[in-house]
Structures are given as C-alpha cells and as structure tokens.
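This report goes through selected features of the structure shown below, one topic at a time. It is written for a reader who has not seen the structure before.

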Amino acid sequence: MRDRLLFDWKRWETMAKRKLSGSDIVIQSLIDAGVDTIFGYPGGAVLPIYDALFKQNRLKHVLVRQEGGAVHMAEGYARSTGKLGVVLVTSGPGATNAVTGLTDALMDSIPVLCLTGQVPTHLIGNDAFQEADTTGITRPCTKHNYLVRDVKDLGRVMQEAMYVARSGRPGPVVIDLPKDVLINETTFETGKKLPVKHKTYRPQIKGDNSKIREAVELIAKAKRPLFYCGGGVVNSGPRGSKLLTEFVRMTGYPITLTLMGLGAFPATDKKFLGMVGMHGTYESNLAMHDCDVMINIGARFDDRVTGLISEFSPDSKKIHVDIDPSSINKNVAVDVPIIGDCASVLAEMIKVWKEIKPRKDTKAINSWWNQIEKWRKRDCLAYKQSKDIIKPQYALERLQALTKDRDTYITTEVGQHQMWAAQYIKFNQPNRWMTSGGLGTMGYGFPAAIGVQMAHPKATVVDISGEASFQMNIQEMSTAMQYRLPVKVFILNNEYMGMVRQWQELLYGSRYSESYTASLPDFVKLAESYGAVGLRATKPSEVDDVIKEMLNNDQFTIVDVAIDKGENCFPMIPSGAPHNEMLLGPEDEAAKPTSEDGMVLV
Amino acid sequence: MEPIERHTIAVLVDNEAGVLARVIGLFSGRGYNIESLTVAEVDPENAISRITVVTSGTPMIIAQIKAQLDRLVPVHRICDLTDGGASVERELALVKVRGTGNKRVEALRISDIFRARAIDSTNNSFVFEISGSPEKIDAFIKLMRTLGLVEISRTGAVAIARGAKGI
C-alpha cells in the first residue's frame, strides 16, 4: 500500500515517453525488474547514477565500506531470497575490488548484477584517472559482461544482463558504464518486460524424456542407491527442494548433500546421511564409495567431494542432472546425463516413478540401510567434551540448539569453523545457508550476513566466523551499524588460521608457518567502539549465556568465543585419498600419513 | 589413458567486442590446446562471425571444450567438423623463398607440383601462394626449407562439412 502511494503513475506515464539519461535508464530498469536493494560505493565515474538514486525513493542503496563487501552482500541477499543481487561500484579500483566477489558468485552460481562506472568513452584506452579494463579483467570471472558504448543500447543491455544473470546456471554479470553514456539521453520505454528469448542464450530447462525414463528405471532397480545432491537444487528454487524431498521419501533411499546443497533436503530426516566430501560424514562418504546407483542432482563432482578421482565410487552407475552441459562428464564420466533444471527434471522423475510403479528390491535396500546404520553408529561427529576449554563443536551444537526454533539464516567465512558449521548446524530449508563453497573466500560471511539481514530484517542472521576471516572484511561493521542491522557475528576464536594450521600439523610436521594470528584486537571492545554489543565466552559454562544474550538483543553483536586452539576438523579425507580412507579423528593421523601425491593437491 | 584426438570445431558467434577474447581466454584459462584459430565475419547483415579452431585432447576434453564454448553467451552454434561426418579443410599460406640459379628453378618447379602460385617475384626471390590441407602446406614448406625459405605466413585452417546441408 505504501508503495502505491509513493508511486506516481501519472509521472511514470509521462516519463515513459520522455527522454531519459543513461543514469535514469539504469535506475528505471532495475525498478522495472523488481529490484529493491542495491549495494554500492560512489566514485567519480558513477556520480550521475548516484545523483539519479538521490532523486528517487524506490531503490534502497546500502553504502558499503569497501567494494569487496558489496558483492558478498549482494550474494547473501541473492542466496537468501532467490532474487538478483545488485552491486554498483565506480571505475578502476571500485571495479577491481569487486573481482573477488564476482569470482565467488561465478563459482557458486549466484545471480549478481554488478554495475561498474567507467571513464568517458573518448578516454577509454588512454590510461585515464581511475581507468581499468574492467570488461577485460572481469571476462573470466563473470558469466558474461558488457561495455555499453552508446546510451541507445543501455536499456536492452540492462534487460539482457539481468536475464543472463538469473537464467540457466545463474552467475555474475558486469555492465561497464562509461560516464558519458550515463549522462547522454535517449528515449526509453519503461515497464518493458524482460525478453522471453535471448538471441543466443537459451538454457535448456526441460530434461530429455527418454533419459529421465532411463534414469528412473535405473533408480528403481538399484540395490545400493544414493542421492547425491547439491546447490543446483537450491538454485532451482524452493520448488526444487520440495520435489527432491518428495522424490527421496517416495523412493525411501538415502541422500547426502554437498556443502552447497545443505538445506535442499531436511537435515533432521533420517534419510539424510549428512554432508559428503572432505569433511563430510563417515556414512555419506562410505555410501558414496560403495553405492551401485548414484543419483547426482545439481552437484558437480567437485574435487572436495570426489577425493581421489580414479577411486571415486568405483562400482556405481551414475545419473547426473545439471542445467549446465559443461558440468556433465567434466570430472567424472557418467552413465545417464540429463541436461535440465533440477526442479523440472525432478517433477518429471516423480511422474515417471508413479507411472511405472516400480517394484524395488526391498531385500537389497534393507541390507543397504543396515550397512549405512552400521557406519552411522561410528558416530563420526563425536568429540571429546572438556570442562575447562570450549570445544568449537560444543559451541556450535549449543548455537544450533538455541536457534533451531527461530527464523534463522547462517553465513560462514572459510576454514575450520565453516566445516564445523556445515557438520553441526542442521538446515531443514533451502536458502538458509550461505557459504563460499567454490572459491573459498575468507571474509565472505560477514558482508553476506549483512545482505541477508537487509532482505530479512526480522530474521536471526548469524555469521559463524573465525577471528582471521572476520578481519578480512571487518570494515563492514560500520555498514551494519549505519543500517541498524542486528547481525550476529559468532567468532570461533582459536588465534590461528585454523585450517592452515591443521594442514601444517598433518602434512608439514607441525611447522606453523605464518598461521598464528598475532596482535588480535579485543573483539568486545572493538564492537563497543562501533556502538555494537560485544560478548565473550572463555569457559564452556558461559556458552549458553552469551548465545542467549546475543539472540535476545536486537543490535549488531559480536561474540568472541575462545575455543580450543589445537582442535582439528574431523572426519577428513586427506587430499589425494579415496572416500574409504577417511581419518575419523586424531588417532587416525599417524596410522595413515598423506601420500606425496596428495600433498600436491590443495 | 585415452588417446589424444585432433578436432576442427566451427563456432558461430555474434560479432561483438570481446568475443574473440572470450574464446581465447576460455582456452588459455582452462588449459586447452589451440593448434590454429581463424576468425572472420561471415554474415555482415546479422553481424555473425565464424571461428574455426583446431584443437587436440582426449575425447572427454574435446567434449568439455565444446560444452564450454557453447556456454559462452554470444555463441550461436558449435559444430564439430571432425565428428560430424566428412568435411573439407583448407589453409592458405604465403611463402617467401630467396635464392638464385638451380635452387630458384627447383623452387619454381616444386611450386608447380603443389599448384602454388608465384604472386611476387624479384631476381632472387619468390612469394608463393599455396592453399590446401594443412598437411600439404607442411609438406611444401618442408621442401622449401632447403631452397632458401625466408618467411611464412599461414592463415590457419578453415573447414566446412561436405554435402548439401548447412551448419
């Protein structure tokens, strides 16, 4: 209702026939596409857009403190809503600072539109002030990019870019906007719908029917089946997760999820075996190794999942559903490839399953489940509780217990805390878990949490962080304060770059080269200096209290949890090892030293 | 280990700024081989260019190359001319040879055998224009090496499928 009052249709209609400047076209195109929030930082080349922003009240702009933060915020916003994340930065350093975030969005298939300023067209190539070859630099780290040289093309490019970013396998798109293009005027039709058909880019949504039938028949005949699903299911929208849950329950088969896929299937369901991969659960990884039919839906056989590729799931027939044809047969050759959107293919699979009413090999399936239960009994996520020192696993178990009934979104940085969060926090819905999976960007989680909180002002948004990662985008504290965002930063503080330290311990004779974070700030005082709330826990008995206090206040809060400095993240598949050679705990380390070949891998 | 295959791939792209950089960047970024690459506009009305790229790799890599090319937004179509039945492949080269006396006569004689044309001539040099399969050009150049070869300029292969059907 409020929107309607603010929105003057008369003015809109006259404007529709008027000449608009490039800046107005940018703003209007975003509004037309339903964008409500953008994250950015002004500068010389984008001043015309900032002036146009000033004159309107439909687009909310979040002023970041460094452009790197802006892209992660847009990613957080996009991943928690399924909408497009929009970034606005200036030319030169503004654009180059955005590169990490763009690469991150490319690796994790997040729809982001990044508008970059550029020097005026007549100065391009002259090494002008704050000039960088933005389209050149961002070509390999975007799904597509544009340099608009004529204001007449701008309206079309804006629409095309948003279409490309959102459709198929989503990704980041950059539009480089020279200053004169932003100032020049042209006639522009507002309210135009996005093109239904792009000239060349038309991703395949519907899967091949005969392949789907072949897959379902294979699934029906399986003796040791396993669903292995990933971020593609989350990306195909809430419907994708709903259909996946329906299909898995219909078959009664076990399912494992990748780091990117957490939440696509309810974690509390008994059919869920936990995360797969390097720090996945024992039961997931052994089931991957021993299964006879692998049903990969929206996952990409990442090296963190497959481990040693030559010994990856040696006896299974593999079905692979992916919207991106280049993901098929890239790392692992599959038997039944299906190109299409996960939700669309799942809907079709369910239809075929119901139609053929398969007679499953119940005896084999039962004995498969018995085997899985035996693996599960190893309780691979168990840890030794301590009375004096806070174990990170304990802190996260308590965080899980105290947030599970709230409307919670979790983001993470990268490292040990990220893997522990993936292991101990249970996600029952998609779009609740934002982590940098592909690129592994330290400093991702905090700005991402700000983006999530912008989209969900009332929700509980927790960035599970490490003291090293948090410092990589620590400047965004000021942003959180400015917009009064009650983001919670939950720092598992072990004074080390924990994952680096763990690898040095395992592979480099405990020579902790440069992995100790000296001169740490006092995070409580730091929070207070911004006017935020700072809390600290140093004993296990204090953990519940600080979590409750954190959740009960409506302010930006930093919790500094002093955890066991020597704790390592298990289970672990050492790099270069197959799934059935997992290390379950510190006792295993000595018994199975990592091979030289494995050390080469990251 | 799978065998390494040589494939000629035709790519129809929008003739827009940066499209060639996209294709080349894809090959270098992902560590694929380029044996040769040619590009020219073939449909000025619709601003479509055709890139012919000769590459090599295992069948799995070749399939990846095609999928990755197809993923680029300005790419209209991919056609693997090596896989898609019979095709003809041609390359043009300009070959400069310097020499006098017998060597000069011999160069001219061999050029005749290869149906190369002398398109520039001085008292002690020729520039030959030769077209044909890349192998034929290799063979010609090999012979010219002993006869005073100075300089070579090659276009790289262009190719098209045999028969009445278009791409």
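## Chain B in outline

Read from the N terminus, chain B has its elements in the order β-α-β-β-α-β-β-α-β-β-α-β-β. Its secondary structure comes to 4 helices and 9 strands. The model is a predicted one, and the values below are computed from it.

The C-alpha trace of chain B spans about 55 × 45 × 35 Å along its principal axes. Chain B has 167 residues, of which 40% count as buried. Among contacts in chain B between residues at least 6 apart in sequence, 72% join residues at least 24 apart.

## Aromatic pairs

A pair of aromatic rings is described by two quantities, the distance of the centres and the angle of the planes. Over all chains the count comes to 19 aromatic pairs. In one of them, the rings of Phe227(A) and Phe247(A) have centres 5.6 Å apart and planes at 85 degrees; planes over 60 degrees apart count as edge-to-face, so this pair is edge-to-face. The pair links distant parts of the chain, with Phe227(A) in strand β9 (residues 225-229) and Phe247(A) in helix α13 (residues 238-251) of chain A, 20 residues apart. Phe227(A) is buried, at a relative accessible area of 0%, and Phe247(A) is buried with a value of 0%.

In chain B, Phe128(B) and Phe140(B) form an edge-to-face pair, 5.9 Å from centre to centre and with 85 degrees between the planes. Here too the pair links distant parts of the chain: Phe128(B) belongs to strand β7 (residues 125-132) and Phe140(B) to helix α4 (residues 134-145) of chain B, 12 residues apart. Phe128(B) counts as buried because its relative accessibility is 0%, under the 20% cut-off. Phe140(B) is buried, with a relative accessible area of 0%.

The charged end of Arg378(A) is over the ring of Tyr282(A), 4.8 Å from its centre. Arg432(A) has its charged end over the ring of Tyr409(A), 4.2 Å from the ring centre.

## Helix α14 of chain A

Tyr282(A) is one of the buried residues of helix α14. This helix (residues 282-290) of chain A is mostly covered, with 8 of its 9 residues buried. Besides Tyr282(A), the buried residues are Glu283(A), Ser284(A), Asn285(A), Leu286(A), Ala287(A), Met288(A) and His289(A).

What do the buried residues of α14(A) pack against? In chain A they pack against the strands β9, β10 (255-257), β11 (272-275) and β12 (293-297), and against the helices α15 (303-306) and α17 (362-376).

The axes of helix α3 (residues 22-32) and helix α4 (residues 47-54) of chain A come within 8 Å and cross at roughly 55 degrees. This angle makes α3(A) oblique to α4(A). The crossing is right-handed. On α3(A), the contact is made by Ser23(A), Asp24(A), Val26(A) and Ile27(A); on α4(A), it is made by Pro48(A), Ile49(A), Ala52(A) and Leu53(A).

α3(A) also packs with helix α9 (residues 151-166) of chain A, at an angle of about 25 degrees and with the axes 10 Å apart. That makes α3(A) roughly parallel to α9(A), since angles under 35 degrees count as roughly parallel. The crossing of α3(A) and α9(A) is right-handed. Gly22(A), Ile25(A), Val26(A), Ser29(A) and Leu30(A) of α3(A) make this contact with Val151(A), Leu154(A), Gly155(A), Met158(A) and Met162(A) of α9(A).

## Backbone details in loops of chain A

The peptide bond from Phe570(A) to Pro571(A) is cis, with omega near -5 degrees. Pro571(A) lies in the loop between β20 (557-562) and α26 (586-591).

Asp379(A) is not a glycine, yet has a positive phi of about 50 degrees. Asp379(A) is in the loop between α17 and α18 (392-403), and is partly exposed with a relative accessible area of 47%. Ser519(A) likewise has a positive phi, near 55 degrees. Ser519(A) is found in the loop between α23 (498-507) and α24 (523-529). Is Ser519(A) buried or exposed? Ser519(A) is exposed, because its relative accessible area is 74%, over the 50% cut-off.

How values were computed: Residues are numbered from 1 along each chain as its sequence is written. Chains are lettered from A and ligands numbered from 1 in the order in which they are written. This is a predicted model: local features need pLDDT of at least 70, side-chain atom pairs count only at pLDDT 80 or more; totals for chains, interfaces and linings use all residues. Side-chain values use heavy atoms; hydrogens and water are left out. Rings of Phe, Tyr and Trp (its six-membered ring) pair if their centres lie within 6.5 Å; planes under 30 degrees apart count as stacked, over 60 as edge-to-face and the rest as tilted. Helices (H or I, at least four residues) and strands (E, at least two) are DSSP runs, numbered from the N terminus. Buried means under 20% relative accessible area, exposed over 50%, partly exposed in between (1.4 Å probe, protein chains only). A charge sits over a ring if NZ of Lys or CZ of Arg is within 6 Å of the ring centre and within 35 degrees of the ring normal. Axes are lines fitted to C-alpha atoms, for helices over the stretch in contact, and angles run from 0 to 180 degrees between N-to-C directions. Angles under 35 degrees count as roughly parallel, over 145 as roughly antiparallel, 65 to 115 as roughly perpendicular and the rest as oblique. A crossing is left-handed if the near helix is turned anticlockwise from the far one by less than a right angle, and right-handed if clockwise. Contact means heavy atoms within 4.5 Å.
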